[in-house]
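Please keep the view open as you read.

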Amino acid sequence: MAQGPSYAYFQGRIVPIEEAKVSVMTHALNYGTGAFGGVRAYWNDDEQQLFIFRPLDHFKRVLNSAKLLMMDLPHTPESMLAILIDLLRTENYRGIDVYIRPLIYKSSTVIGVRLHDLECDFTMFAQPFGSYIPNEEGSRVTFSAWRRIDDNMIPARGKITGAYANSAFIKTDAALNGFDEALVLDHNGHISEGSAENFFMVRDGVVITPPVTTNILEGITRRTVIQLLRDEMGLPVEVRDIDRTEVFVADEAFFCGTGVQVVAITEVDHRPVGTGKMGPVVRQLRQLYFDLVRGKLPRYREWNVPVYDSQA
Ligand code: PMP
């Protein structure tokens, strides 16, 4: 499963991965001035097809993140999707799920901390990928002692490479203390999100998630999940600030994101969430989500972009 990619899109063409190299002087490497994405493609065995999930939404966000960093490229979500399809066909991934990493970065090799007057470039690679949090039945979570970066420091709505040092601090402390993940508070003490996933909880039949003004990444899975909860499960979804201790009295809680998909939070700081086992809302949502991403929900097929020409 740990197999890496064989190719990358780099400096305008698809090259063997060994040739996709940058200088140690690269601005993005020194100063964290890159904008990236994380996209998944899922194999559908019945159709012998690899479906990319919501790629245009992901590329739009990557381009918006790049815009925050004053990077302007002659690319559109559509042109990036065409490159991705080309790349996945070149890799010829079949029978496996894939994780895709688009990255727009300041490619200038100059010393100088700034955003303006620098060159940028777009690269992308894709590799086989399974689960992100090992225990999909439920995760044990702690509140991080770190705070989420604030919009007035590094905008969290952008997926900016340098900002992921914050996520790395959060994730490492949680992992070294024996937890699967961490919940992070914003500067007002409200729940923001996990180290790399959005947060939801269920209280008395209402599903609640923090607003985009709590320094979250505006997750595409978050948007997807809100739609599934409302339209497929008929549940009310509230977007509002969440206090730390609300989680301790919640009936259910979960993380969602492209990497993590949908994972129940069954314990927070040694307190069980609800029964301490995955609850019915999360269980049903997971089922829907996994059917959706594999192209098994006809109503949402426009989100599933096929890589190969159809056999039919
Ligand atoms: N928050 C953070 C900090 C993330 O890195 C991610 C993963 N991209 C998410 C949330 C989830 O976003 P998405 O559903 O778009 O993958």
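1. A definition to start with: rings of Phe, Tyr and Trp (its six-membered ring) pair if their centres lie within 6.5 Å; planes under 30 degrees apart count as stacked, over 60 as edge-to-face and the rest as tilted. Ring pairs of this kind join Phe 53, Tyr 289, Phe 290, Tyr 300 and Trp 303 into a cluster.

2. A word on the source: this is a predicted model, in which local features need pLDDT of at least 70 and side-chain atom pairs count only at pLDDT 80 or more, while totals for chains, interfaces and linings use all residues. Residues are numbered from 1 along each chain as its sequence is written, and side-chain values use heavy atoms, with hydrogens and water left out.

3. The structure holds 11 aromatic pairs. Tyr 9 and Phe 122 form a tilted one, with 5.5 Å centre to centre and 45° between the planes. This pair links distant parts of the chain, since Tyr 9 sits in strand β1 (residues 7-10) and Phe 122 in strand β7 (residues 120-128), 113 residues apart.

4. How much of the chain is buried? Buried residues account for 55% of the 312 residues.

5. The chain has 6 helices and 17 strands, counted as DSSP runs (helices H or I, at least four residues; strands E, at least two) numbered from the N terminus. Along its principal axes, the C-alpha trace spans about 55 × 50 × 30 Å.

Definitions and conventions. Buried means under 20% relative accessible area, exposed over 50%, partly exposed in between (1.4 Å probe, protein chains only).
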